[in-house]
Amino acid sequence: MNVDYIIVGFGLSGLSFVEQLEKNGKSFMVYEDSSQTSSRVAGGIYNPVVLKRFTLAWQASEQLRVAVSFYKDVEDKLCKKLVEDLPVLRRFNSVEEQNNWFESCGNLGLNEFLSSELVRSKNTAIDAPFHYGKVKHTGKIDINNMLFFYSEYLHKNNKIIKDSFDYDKIEVKEGLVCYKNIVSKHIVFTEGFGMKNNPFFNHLPLQGNKGEYIIIKSEALQLKEAIKSSVFIIPLGQDMYKVGATYNNEDKTSGKTLHAKEELQKKLERFLKVPYSVVDQVAGIRPTVKDRKPLIGTHTDYQNIHILNGLGSRGILIGPTVAKKLYDHIENGVLLDKDIDIKRFNILG
Ligand SMILES: Cc1cc2nc3c(=O)[nH]c(=O)nc-3n(C[C@H](O)[C@H](O)[C@H](O)COP(=O)(O)OP(=O)(O)OC[C@H]3O[C@@H](n4cnc5c(N)ncnc54)[C@H](O)[C@@H]3O)c2cc1C
């Protein structure tokens, strides 16, 4: 079988690149083995503001424009409701935090996203004596369903193989990549933290940061917005909420832990005033990078072996933008920005 591209991994990175291929009429085959779960467990929130420091996330304004229209296109293509406008409220811990917020509201760039009105909620389920600030233009992607339905669509069109990609079986001959019975012009690796097993790229400084959520049920909570305090509370519907996530740089295993559950419950109970029960827990490893920028580009020795990785903790915003940049780089020779190009880690520069 001859294709234009082989894609290894179908999380958010893989989906973002596949969409580029579909839009441009390229043929491809995806390999996916369910070994990583980062995209499938993600909260799905897109929010351009860093809510710890009240600053704008890296290139967030531009990425937001690309991302929202990207996900709406995917929604139309799959005929499924996947995008939801979801307000994000930042719970203030002190008067000082309130003041910092209102100061930041005046900053160029941030004024588009931080509401300058103090939000006083009538919901007594949450203790919020200093009230809330509202972030504008936020929302939630139903990422688990998006991957599920997109995968089904690929399956129907014979474009996905549910199998582990075996790096030992890859051969590069006369400018083509051969893998088992497939001959391809290019291969793009989008394995998230699974990149650690990839001999072509495992020299890159992907660190990985484990995140866990608990899923709670509470009839009394009645939240319509996502609340950001020491943890996020994200409404899922039917009185269910995601609470989290944890950030752990040490543990690189994929399983859920009692320690994370206890940490999240402790933080939640500092401000949640109504009963709840924990009904589930999920875990995944964020593909984070030393310098907090994505890993995009082409292998130094092989011009048809590429990577799209390092989406970190904001994959929903970043994925669509960097996928388009990689596609334009491969197909149209457009140079990559220096701060995302993997060449920044070449010892020889
Ligand atoms: C708890 C948690 C909460 C998060 N919340 C948010 C959020 O609210 N908003 C946000 O923007 N981001 C969030 N993120 C970050 C976001 O999930 C990541 O940025 C994004 O999912 C990374 O996508 P990816 O496709 O690069 O990696 P992954 O999702 O890990 O996908 C890689 C895929 O490759 C497959 N794979 C790997 N190796 C192989 C192989 N050899 N053969 C075949 N297949 C292979 C894996 O099975 C996997 O499906 C969160 C992450 C976590 C862990």
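Predicted model: local features only at pLDDT ≥ 70, side-chain atom pairs only at ≥ 80, totals over all residues.
**Domains and their interface**

The domain assignment divides the protein chain into domain 1 (2-42 + 144-205 + 290-345) and domain 2 (88-137 + 209-286). Several values characterise how these two parts meet.

| Property of the domain 1 and domain 2 pair | Value |
|---|---|
| Separation of centres over C-alpha atoms | 32 Å |
| Residues in contact | eight of domain 1 with eight of domain 2 |
| Buried area | about 710 Å² |
| Share of buried area from carbon and sulfur atoms | 62% |
| Salt bridges | zero |

The size of an interface is often given as the accessible area lost when the parts come together. Here carbon and sulfur atoms give 62% of that buried area, and the count of salt bridges between domain 1 and domain 2 is zero.

**The second largest pocket**

The second largest pocket holds about 350 Å³ of space. Its lining consists of 21 residues, of which Lys-140, Asp-142, Ile-143, Asn-144 and Leu-236 are the closest to the pocket centre.

In terms of secondary structure, at least two lining residues come from each of helix H2 (38-41), helix H5 (143-156), strand E6 (83-85), strand E10 (139-141), strand E17 (232-237) and strand E19 (277-286). H5 provides the largest share, with three residues. Classified by residue type, the lining of the second largest pocket comprises ten nonpolar, seven charged and four polar residues.

Technical notes: Residues numbered from 1 in each chain as written. Heavy atoms only, no water. 1 Å grid on protein atoms, 1.4 Å probe; cavity = no way out; pocket = protein on both sides within 12 Å on 5 of 7 lines; lining within 4 Å. Points joined across faces, edges and corners; volume = space filled by probe spheres on them. Helix = DSSP H or I, 4+ residues; strand = E, 2+ residues; numbered from the N terminus. Nonpolar A, V, L, I, M, F, W, Y, C, P; charged D, E, K, R; others polar. Domains from an automatic or database assignment. Contact = heavy atoms within 4.5 Å. Buried area = accessible area lost by both parts, 1.4 Å probe. Salt bridge = Lys/Arg side-chain N within 4 Å of Asp/Glu carboxyl O.
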